Amino acid sequence: MEVIKFGKFAALVVAFGVVVGCSSKGGDAAGTGAVDPNAGYDSSTSSSAGAGSVSSEEAALRAITTFYFEFDSSELKPEAMRALDVHSKDLKAQGNRVVLEGHTDERGTREYNMALGERRAAAVQRYLVLQGVSPAQLELVSYGEEKAAVTGTGEEAWAQNRRVELRK
Amino acid sequence: MKTMKYWLTCAAMLLLAQFALAQDAIEITRGSDRATPIAVVPFGWQGGAPLAEDLAEITGNNLRNSGMFTPFDRANMLSHPTRAEEIFPRDWKMLGVEYVLAGEVTSTGAGYQAQYHLYNVAREQVLLSRTVSGSESQLRDMAHKISDEVFEHITGIKGAFSTKLLYVAAERFSADNTRYTLQRSDYDGARAVTLLQSREPILTPSYAPDGQRIAYVSFESRRPEIFVHYIQTGRRERITSFEGLNGAPAWSPDGKRLAFVLSRDGNPEIYVMDLASKQMRRVTNHYGIDTEPAWLDDNTLVFTSDRGGRPQIYKQGLNNGNTERLTFVGNYNANAKLSVDGRTMVMVHRQDGYRNFHIATQDLERGNLKVLTETSLDESPTVAPNGTMLIYATRQQGRGVLMLVSTNGRARSEIPTKFTDLRVPSWSPYLP
């Protein structure tokens, strides 16, 4: 699973590479389409002289709405923080409400995992509030281990299930 | 002096735990006493079409599930008596059978009646001759009643085969489309009936001591809420719907109060609500996770807390507020349930240095711990009202299954189901 996760991250890095590469050569931000077509559209319309690389990186980060955690941990990873920085900017600008769904893997008891899932959602909430987002914009729901992203037992599935999802 | 004794006991327990680990797992899970051999002879039936249920088979399975009996294989029986005078002791002595249960079913027009005889082979004596009756749909109830009476007559322990089981079945059609249903079945999984259906998770069903009400958590509004559901009428009452967690409902022994978990004050804490007045009070006060309350008696809760760094079981008086840690062996002890006599605690347990979660029992007076299961992601134990059996959830080939195991560790079987994924079993009390 570490492999898959690394794979995902690598794909993202490659996507950035493509975007940054294109932009630096004066191309448009079409490369972001690989991550999220809408984000690509946004960046290409909003980008003007020289802002292309920044906003397309932003678009890629904006497309990240699932944040993963280590086993038995509610500590945010650096890549999650970078994405949350973009989300906090949007939330402050738009004032909309989002739901932070906390999830765990299947190990441990279900009700204890409910509490762990909430701890993870609360860690994301705390980070966003520190960036200036109003707590009133953030609803927390923990599903514990009840809504696995991936079924199956083993490190691979577990790593993809330990997550917080930001939902509009 | 007292402290020294305490540490010596702890050290001894650790040594014992090490010793238990070193043993073959099968040694741990098998009791030392022999199960009593009993022949449950196929019941006589003179009607044309075969009966819808095989009363002798159901009874034999019940007795086996207790871990205290070994039903004799009917293929090896020398005779199939149905009346007391047809039981010949020599036929059974040579087979090593200690008891014979034989009977006959007759039609009463409206339904059926079963007359049965329990025979002690060594004493060559009929111990019990009784009749049970019921409608066609009650044939299984008749078998459970016979099982209860025979079990109690031989062991002196009240039978718990006429009890019911709650559990949740999940049928996952895709990542965002799962059907959750709350099921109520016989204790052995037969005759499952759907009580509630939802597209969102249903969790932690729990039988009230009166056997009439159940409590559970439902995410039907896309947030957790605690409900009390009346089985007979299907009427539902929403008990809590606070911001944050609403979870782990547990009935007090007197059935008047519900303990549960809320995180509305910032982190998970245990509360107790008086159901008549809806008055609620907070029981725990700690920045760690406090969850999974269970009642030791009407004035004492046990619960899971990670206040010591890892999840362990604690006990707290409702009147004096004193908190005491109960588990010291293992790096994960959670979801405690108590036997009705309050002497044994059953819980999810993980040994230090091991990855697997098992079900273990802990004697609350002597403190010794016994690992009961050998599967790997074991959780949600629930104990029969007579303490002889427990059912827990585990995973097999990626699907949730319920396992029934006798507390002496000798009998184990999977609860049969038509669903792909089962979880969170709750055993009913004795039912009227």
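The crossing of helices α4(A) and α5(A) is right-handed. This is a predicted model, by the way. Helix α4 covers residues 78–94 of chain A and helix α5 covers residues 110–130, and their axes come within 9 Å and cross at roughly 60°. That angle makes α4(A) oblique to α5(A). On the α4(A) side, the contact is made by A:Met81, A:Leu84, A:His87, A:Ser88 and A:Leu91. On the α5(A) side, A:Val124, A:Tyr127 and A:Leu128 take part.

Now chain B. It has 5 helices and 30 strands. How does the radius of gyration of chain B agree with that of a compact globule? With 432 residues, such a globule would have a radius near 22 Å, and chain B has 23 Å, so the two agree. Taken along the principal axes, the box filled by the C-alpha atoms of chain B is roughly 70 × 55 × 45 Å. Of the 432 residues, 44% count as buried. Among contacts in chain B with a separation of 6 or more, 44% are between residues 24 or more positions apart.

Next, one of the sheets. Which strands make up the open sheet of 4, and in what order? In chain B the order is β9-β8-β7-β30, with antiparallel pairing. Strands β9 (193–198) and β30 (422–427) of chain B stand at the edges with a single partner strand each, so one side of each has no neighbour in the sheet. From one strand to the next, the twist averages 20°. Strand β7 of chain B, residues 164–174, pairs with β30(B) in the antiparallel sense over 4 bridges. B:Ala169 has B:Leu422 in β30(B) as its bridge partner.

Last, strand β19 of chain B, residues 300–305. Is β19(B) mostly covered or mostly open? Mostly covered: 5 of its 6 residues are buried. Strand β18 of chain B, residues 290–297, pairs with β19(B) in the antiparallel sense over 5 bridges. Here B:Asp290 has B:Ser305 of β19(B) as its bridge partner, and a hairpin through 2 residues joins β18(B) to β19(B).

β19(B) also pairs with strand β20 of chain B, residues 312–317, in the antiparallel sense over 6 bridges. In that pairing, B:Phe303 stands opposite B:Tyr314 of β20(B). The hairpin of β19(B) and β20(B) has 6 residues between the strands, and B:Gly309 there takes a positive phi near 110°.

Conventions: Residues are numbered from 1 along each chain as its sequence is written. Chains are lettered from A and ligands numbered from 1 in the order in which they are written. This is a predicted model: local features need pLDDT of at least 70, side-chain atom pairs count only at pLDDT 80 or more; totals for chains, interfaces and linings use all residues. Two strands pair if DSSP finds at least two bridges between them. Axes are lines fitted to C-alpha atoms, for helices over the stretch in contact, and angles run from 0 to 180 degrees between N-to-C directions. The radius of gyration is taken over C-alpha atoms; the globule rule is 2.2 Å times the number of residues to the power 0.38. A residue is buried if 20 or more other C-beta atoms lie within 10 Å of its own, exposed if 12 or fewer, and partly exposed in between; C-beta atoms are placed from the backbone. Two residues are in contact if their C-beta atoms, placed from the backbone, lie within 7 Å. Angles under 35 degrees count as roughly parallel, over 145 as roughly antiparallel, 65 to 115 as roughly perpendicular and the rest as oblique. A crossing is left-handed if the near helix is turned anticlockwise from the far one by less than a right angle, and right-handed if clockwise.
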